[in-house]
Amino acid sequence: MEIPQAVERIIQTLEENGFEAFAVGGCVRDTLLGRTPEDWDITTSAQPEEVKKLFRRTIDTGIQHGTVTVLENRTGYEVTTYRIDGIYEDGRHPKSVEFTSDLLEDLKRRDFTINAMAYSHKTGIIDAFGGMEDLKNGMIRCVGCARDRFTEDALRILRAIRFSAQLGFSVEEKTLEAVAEIAPNLIHVSKERIQVELTKLLCSSHPERMAMVFEQGLAPFLSSHFSGIEKPDRESTNRLSDQFSGEKYVRWAAFLRCLIPTDAARILKELKMDNDTISRVKILTEWWKVAIEAEKYSIRKVMSQMPAELFDALLDFRRAAGTESWEQWEQLKFLTEEIRQSGDCISLKMLAVTGADLIAAGVKPGRELGEMLNHMLEDVLQYPEHNTKEYLLRF
Ligand code: ATP
Ligand code: MG
């Protein structure tokens, strides 16, 4: 298996000093699948203090959990001491973690067999739970008893579905049974962690697997209003597909598009989504269904309601959602290009007069001034040729 040079160096340094060290978890899984890992994690028998002594640049990322980040060529690699997670008091955090000198103990605490493999050049792949077999068969299977593992940390329930969507894998039967059985425990999981998993699910190559969240009865435990969303199944007009571009706001908007925009925003707020994403989702859910006539004035009016890149996203979104026929859509796209090419005014910023111009012409600052500018914009959206200082000041 190929691993980046920096990872090799870190492992080698630890080994030369009498410790064991391996690449572990997601990076091993992704490399075996021919996918590019997002990051490389290293697991080691060395204690955090010992790791810090061996490398020039380190950051105490989570010392109490055994994690030190080692910096190599400005990239960070998390090096974590083998550990056993203590009792999960509340289905959220292990009450304590205990370091161990046994790699197997560390692999045992990991969620799925495909995430519980380790690799070093010295030993090759260490696969104690049949991870290779499950990779080959496309299976998400818990390490050990699924019901126990989900009871320890209910987030794993969502992770199972998320990995299934990212990798196109099935969830193994016993694991799937436990998904449905332990679902109510999701109520104890933090909203941010839930949101991160749902976002990864939606941005995956199988966003339609969001349907599993409903089929397996997870929806009522994700946020107060989540179960009010119509299940996006294969047949309905609300189906989710990878035709929607991969940005998170686009995928969330696609998922929430049949809701009233304020309800969509409320759900995202409950899930602690960032405000920028919420406001973009609101715009897309508001505008994707609105009929736009294939005529420049109508198009300019819609363009004036949002930033340029959001209007482009809106057009793509309408195509993916099938808002209008292909011919009508092409027409919209063509006219949009023409509007841009001719530099038609579509925002207050593009207006040939500014507030200052109006004040200089004797208008009092305040609400009236704002109204006047909006009035001018409205006129210019209809008649782009009116966008000159001369005309507007007379106006
Ligand atoms: P990705 O980074 O693509 O989301 P990943 O598998 O690397 O996938 P991380 O959340 O980065 O996932 O976690 C790294 C590893 O830590 C996992 O592969 C798994 O072995 C372990 N792990 C992460 N979260 C949990 C959890 N909630 N329960 C048990 N093990 C976990
Ligand atoms: Mg990772």
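Start by colouring the protein chain by domain: domain 1 (1-130), domain 2 (290-344) and domain 3 (345-395), with bounds that come from an automatic or database domain assignment.

Before zooming in, some housekeeping. This is a predicted model, where local features need pLDDT of at least 70 and side-chain atom pairs count only at pLDDT 80 or more, while totals for chains, interfaces and linings use all residues. Residues are numbered from 1 along each chain as its sequence is written, chains are lettered from A and ligands numbered from 1 in the order in which they are written, and side-chain values use heavy atoms, with hydrogens and water left out.

Asp153 puts a polar side-chain atom 2.9 Å from a ligand 1 nitrogen. Asp111 uses a polar backbone atom, 3.2 Å from a nitrogen of ligand 1. Over at Arg159, a side-chain N or O atom is 3.1 Å from a ligand oxygen. Overall, the protein covers 81% of the 580 Å² of accessible area that ligand 1 has on its own (Shrake-Rupley method, 1.4 Å probe).

Last stop: the cysteines. How many disulfides (cysteine sulfur pairs within 2.5 Å) are there? The count is zero. Pick Cys142: the closest cysteine sulfur, in Cys145, is 8.3 Å away, so that's too far for a bond. Cys142 is buried (under 20% relative accessible area), at 4%. Then jump to Cys258, whose sulfur is 19 Å from the closest one, in Cys203, again too far for a bond.

Key:
Disulfide = S-S within 2.5 Å. Buried < 20%, exposed > 50% of the residue type's maximum accessible area, 1.4 Å probe, protein only. Polar contact = N/O pair within 3.5 Å; in protein donor to acceptor, adjacent residues only side chain to side chain.
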